[in-house]
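Have the sequence and the structure open while you read.

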Amino acid sequence: IRDTDRSRGLGDVYKRQVSVEAAETKQIDVLFSHDTHSHLNSFSTIVDGEQKEVGGFARIKTLIDEKKQEDPDTLVLDGGDFSMGTLIQTVYDTEAAELRMLGYLGYDVTTLGNHEYDYRSKGLANMLEVAKDSGETVPALVVCNVDWDSMEQSGLSDGQKLIRSAFETYGVKDYVVIQKGDVKTAVVGVFGKDALECAPTCELKFKDPVEAVKQTVEEIRKNEKVDMIACVSHGGTWEDENKSEDEILAKEVPDIDLIISGHTHSELKEAIQHGNTYIVSCGEYGRNLGSLSMTQKQDGRWELTSYELIPVSEEVKPDQATQEQIDALMESPCPLADVFQDFEKRETDHMETIWDCMESRADTLLEEQRRTLRETPLYPYPASYAQEHGELEQYRASNSCLLYTSPSPRDRSVS
């Protein structure tokens, strides 16, 4: 654990009013992911210089089930951007494949990332309604900093009305309280500033992330009797600590015990610690599944007692029932052949999104990346590999809307 707190005692002001008996020490296990980007199936990539098959929800299901055999009360969280990145995204708004599969795997809570807005307001609204109407178990969805008051004062647009209705249908909340064994955890969600910059088609307005989380935590403290507060954040971590959104959040809202940090695709080999708050990230595309355990101390705060990133590798046996579920979502009612035909049509809609954002970030690359996008198939390797081998243009072009993710430490490793 990297302890970066520069002002000891910061959390004292926020010390929670609880009494913990030594004989009744509480413990919780947590599994987590973020930025899976429609990678429901395994994929081929370079690992330690060798071509290997990694990821896949069927393997993740195996790992989750194994953990729940050890601890049935394991909490499973996701940090957003569960969509956009493979051809499965083409049935995003008609099948809600990604969100439904998170539910199938047993995820308790997720949040929205910038790419959930790629199919515009109607696409997001349709996706949420399809997921809810499926009748399947789906994860709770939390985000606390949507500024509905500001939008209502200005008059809701048609797109904003669609999303508000879908939020109500799905049951999107600022936070939820999850009971796991004898531990009650409040999980709050937040949408970061850089994430908003990377969502040019998002019609929603947002409050300042830190201030919104701070207000939500105060509400939790006032109205809920919880043991722990976790945050699923689509804010991210950066090399510059003063610009690292989730580190800023940890320092400004020290009553948070755990932050699942998505958006920047960071792969934290060790947790970042500020005061009593731990920040964790496991990387992109489901290549790893994050796993941690926390134990409550006598002052009511929590100590991270174990932390690892479990490789979702070829050594993990895929769960057959899960793979069949993925295949069914791909083939019915929209056959895979139709998906490929539909992809060309939808690409036209995506192009406007891509170029709008690229104009503000990389004007000189527009024509070159337009050509690359049309001529290059989906890039099979992660961003870290592309950066190391000077192939970022191919990576961004082939990943369509992933083009406009901002420069960030894709595989930040803290040692």
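What follows is a short tour of a predicted model, taken topic by topic.

## Cysteines

Let's start with the sulfurs. The disulfide count is 0. Take cysteine 231: the nearest cysteine sulfur belongs to cysteine 144 and sits 6.9 Å away.

Cysteine 231 is buried, at 0% relative accessibility. Cysteine 282 is buried too, with a relative accessible area of 0%.

## Around asparagine 288

Cysteine 282 turns up again here, through its backbone. The side chain of asparagine 288 reaches the backbone oxygen of cysteine 282 at 3.1 Å. Asparagine 288 also makes a polar contact of 3.4 Å with the side chain of glutamate 267. You'll find asparagine 288 in strand β14, which covers residues 288-296, and it is buried at 11% relative accessible area.

Which residues does asparagine 288 touch once neighbours within four places in sequence are left aside? The contacts are Glu267, Cys282, Leu309, Ile310, Pro311 and Val312.

Glutamate 267 has another partner as well: it forms a salt bridge with lysine 269, with the closest N and O atoms 2.6 Å apart. Glutamate 267 is buried at 11% relative accessibility, whereas lysine 269 is partly exposed at 46%.

Strand β13 spans residues 277-280 and is covered on both faces. Thr277 and Ile279 are buried on one side, Tyr278 and Val280 on the other.

β13 pairs with β11 in parallel, through 3 bridges, and isoleucine 259 stands opposite isoleucine 279 of β13. With β12 the pairing is antiparallel, again over 3 bridges; here histidine 274 has threonine 277 of β13 as its bridge partner. β12 and β13 form a hairpin with 2 residues between them, and glycine 275 in the turn has a positive phi of about 60 degrees.

Most residues other than glycine have a negative phi. Aspartate 35 lies in the loop between β2 and β3, and it is buried with a relative accessible area of 0%.

Histidine 265 also has a positive phi, near 60 degrees. Its place is the loop between β11 and β12, where histidine 265 is buried at 1% relative accessibility.

## Salt bridges

How many salt bridges does a search of the whole structure find? There are 15. One of them joins arginine 100 to glutamate 136, with the closest N and O atoms 2.7 Å apart. Arginine 100 is in helix α3 and glutamate 136 in the loop between α4 and β7, 36 residues apart. The arginine 100 end is buried at 11%, while glutamate 136 is partly exposed at 28%.

Lysine 180 and aspartate 108 meet in another salt bridge, at 3.2 Å from N to O. Lysine 180 lies in strand β8 and aspartate 108 in the loop between α3 and β6, so this pair ties together parts that are 72 residues apart in sequence. Both lysine 180 and aspartate 108 are buried. Finally, a network of salt bridges links Arg221, Asp255, Asp257 and Arg301.

Notes
Residues are numbered from 1 along each chain as its sequence is written. This is a predicted model: local features need pLDDT of at least 70, side-chain atom pairs count only at pLDDT 80 or more; totals for chains, interfaces and linings use all residues. Side-chain values use heavy atoms; hydrogens and water are left out. A disulfide is a pair of cysteine sulfur atoms within 2.5 Å. Buried means under 20% relative accessible area, exposed over 50%, partly exposed in between (1.4 Å probe, protein chains only). Helices (H or I, at least four residues) and strands (E, at least two) are DSSP runs, numbered from the N terminus. A polar contact is a pair of N or O atoms within 3.5 Å; within protein, one must be able to donate a hydrogen and the other to accept it, and residues adjacent in sequence count only if both atoms are side-chain atoms. Contact means heavy atoms within 4.5 Å. Two strands pair if DSSP finds at least two bridges between them. A salt bridge is a side-chain nitrogen of Lys or Arg within 4 Å of a carboxyl oxygen of Asp or Glu.
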